[in-house]
Amino acid sequence: MAVASLSFIVGILGNIISILVFLSPITTFKRIVKKKSTENFKGIPYISTLLSTSLWTYYGLLKPGGMLIVTVNGAGAILQAIYVTLFIIYAPKDSKVKHLKLAGIFNVGFYTTVVLITFLATHGGVRLTVVGFLCAGLTLGMYASPLVSMRNVIKTKSVEYMPFSLSFFLFLNGGVWSVYSVLVKDFFIGVPNAIGFVLGSTQLIVYTIYKNKATEKSMDKLEEEGSTHLVHGTVEMGTYDKEMKKERSLNKMWSLPKPTVSRQLSFQKIITKSHSMNVNSLPLSDDIENQAENLVNGHDR
């Protein structure tokens, strides 16, 4: 009874964390809808998760006491169907056709085939075992699908296209459902989620490494830009000082010295004396002219 109660509590906790996992791409799809482009995001993880949640819902319906499995995976299937639809709408033409084909093959064709074959050709425990193996394999695919994003992170040295929230909640989800599988003794739930826990841990490590590198790179870039501006400012100030010195030397060379007050006074005295001499000499010139006229007149007489 205590184990059943504990498994129920862990199952509820697993439901909450799984719903958070399924909700974590909302930020990504807000960006996709806003920009009307899927950019470098990958659509395959959503297609594989849609198939996985659909089959787990079917598995929960087949398994006695599997209601917690049905609730969480049913909600997850609805959300993943919305994500796949949005991705196909905003994907470029080539990518749109590719993902539409993949969704049709796996989410419609393969799922329908599995349900029909297991329902019509198998019975009881065999049916549950077949569906359980398929679910375990697809869950591994769901946990491994972000490895594509992880490869992109390592290649580009950027965590832009590997959301932290998704990696973190996949890590938690794998851990909680691993504990649940031990309590209810379900091998099909335990193995893929234990592997998912390990893969989630790896993704978090990669995210932390390249997030720190991106931060260091941005800091180095800021320092480099700051030093560049400082050098340019120093060069400009030096050039300005040189131009000012050159202008001052030119002004010094071409400007005449201003006369002093004593020189101005002496110069005025000279002009005044010269003027007075010219004025006093005028009557003498008039006398000479008068005498010359008188001599001429006397001679004529």
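**Briefing: surface patch, aromatic pairs and backbone angles**

L23 is partly exposed, with a relative accessible area of 33%, where partly exposed covers the range between buried (under 20%) and exposed (over 50%), computed with a 1.4 Å probe and protein chains only. The model is a predicted one, in which local features need pLDDT of at least 70 and side-chain atom pairs count only at pLDDT 80 or more, while totals for chains, interfaces and linings use all residues. Residues are numbered from 1 along each chain as its sequence is written, and side-chain values use heavy atoms, with hydrogens and water left out.

**Nonpolar surface patch**

- L23 has its place in helix α1, helices being DSSP runs of H or I with at least four residues, numbered from the N terminus.
- Together with F8, I9, I12, I16, L20 and I26, L23 forms a nonpolar patch on the surface, and the accessible area of these residues together is about 590 Å², by the Shrake-Rupley method with a 1.4 Å probe.
- Such a patch takes residues with over 30% relative accessible area and no salt bridge, and joins nonpolar side chains (Val, Leu, Ile, Met, Phe, Trp, Tyr) within 5 Å; a salt bridge is a side-chain nitrogen of Lys or Arg within 4 Å of a carboxyl oxygen of Asp or Glu.
- Helix α1, residues 2-23, gives the most to the patch, with six residues.

**Aromatic pairs**

- The structure holds 10 aromatic pairs, counted where ring centres of Phe, Tyr and Trp (its six-membered ring) lie within 6.5 Å, with planes under 30 degrees apart taken as stacked, over 60 as edge-to-face and the rest as tilted.
- The ring centres of F29 and Y46 are 5.0 Å apart and their planes stand at 70°, so this pair is edge-to-face.
- Because F29 lies in helix α2 (residues 26-35) and Y46 in helix α3 (residues 44-62), the pair ties together parts that are 17 residues apart in sequence; both F29 and Y46 are buried.
- F29 also forms a stacked pair with Y83, at 4.9 Å centre to centre and 10° between the planes.
- This second pair links distant parts of the chain, 54 residues apart, with F29 in helix α2 and Y83 in helix α4 (residues 67-90), and Y83, like F29, is buried.
- Elsewhere, ring pairs link W56, Y59, F133, F187 and F188 into a cluster.

**Positive phi angles**

- Most residues other than glycine have a negative phi.
- E39, which is not a glycine, has a positive phi of about 50°; E39 lies in the loop between α2 and α3 and is partly exposed, at 28% relative accessible area.
- K185, also a residue other than glycine, has a positive phi near 55°; K185 lies in the loop between α8 (164-184) and α9 (187-254) and is exposed, with a relative accessible area of 73%.

Note on methods: Patch = residues over 30% accessible without salt bridge, like charges linked within 9 Å, V, L, I, M, F, W, Y side chains within 5 Å. Helix = DSSP H or I, 4+ residues; strand = E, 2+ residues; numbered from the N terminus.
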